[in-house]
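Here is a short briefing for a first look. Please view the chain below before reading on.

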Amino acid sequence: MYKGERFASQNLEPFYQGHKNTSSLHPVLKGQSLVLLGDREKSNYNNEKNSGVYDIEMKLYMRIRLKIGWIKTHKIKPKIECDIKVPLESNGRSSANFEETRCHLDW
């Protein structure tokens, strides 16, 4: 999302994550729709363009099920929100380095 407007979405394939395991997902995210901006949002956009970094909000919606021994829980639907700073690229060069982002979990 950019300034509260969704411009892209991506569905990921379901997967099983084993015991004491880390799973990495590598989706390719691309803008899919036009984002209409008001005067204030346009001003913020121009400031971000000049600084070389866009503020993007990513929301992850998922369904997970936990297995403890032989017991499986009902599906849980946590919501995860991440504020990401995406460096601009111009003429094949990035204006800044991409930095690790902390996300917020809401059950």
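Predicted model: local features only at pLDDT ≥ 70, side-chain atom pairs only at ≥ 80, totals over all residues.

Residues are numbered from 1 along each chain as its sequence is written, and side-chain values use heavy atoms, leaving out hydrogens and water.

**Overall build**

- From the N terminus the order is α-β-β-β-β-β-β-β.
- The C-alpha trace spans about 55 × 30 × 20 Å along its principal axes.

**Surface and contacts**

- Of the 107 residues, 10% count as buried (under 20% relative accessible area; exposed is over 50%, partly exposed in between, with a 1.4 Å probe and protein chains only).
- Contact means heavy atoms within 4.5 Å. Among contacts between residues at least 6 apart in sequence, 50% join residues at least 24 apart.

**Salt bridges**

- The structure holds three salt bridges, each a side-chain nitrogen of Lys or Arg within 4 Å of a carboxyl oxygen of Asp or Glu.
- K3 pairs with E48, with the closest N and O atoms 2.9 Å apart. K3 lies in the segment before α1 and E48 in helix α1, so this bridge ties together parts 45 residues apart in sequence.
- K3 is partly exposed at 31% relative accessible area, while E48 is buried at 7%.
- K85 and D55 meet in a salt bridge of 2.7 Å, N to O. K85 is in strand β4 (residues 79-87) and D55 in strand β1 (residues 53-61), 30 residues apart.
- D55 is partly exposed, at 31%.
- E57 bridges to K59, with the closest N and O atoms 3.8 Å apart. E57 is partly exposed at 23%, and K59 is partly exposed at 31%.

**Residue E5**

- E5 lies in the segment before α1 (39-51) and is partly exposed, at 39%.
- Beyond its neighbours within four places in sequence, E5 is in contact with V35 and L36.
- E5 and N47 are 42 residues apart in sequence and 18 Å apart in space, C-alpha to C-alpha.

Technical notes:
Helix = DSSP H or I, 4+ residues; strand = E, 2+ residues; numbered from the N terminus.
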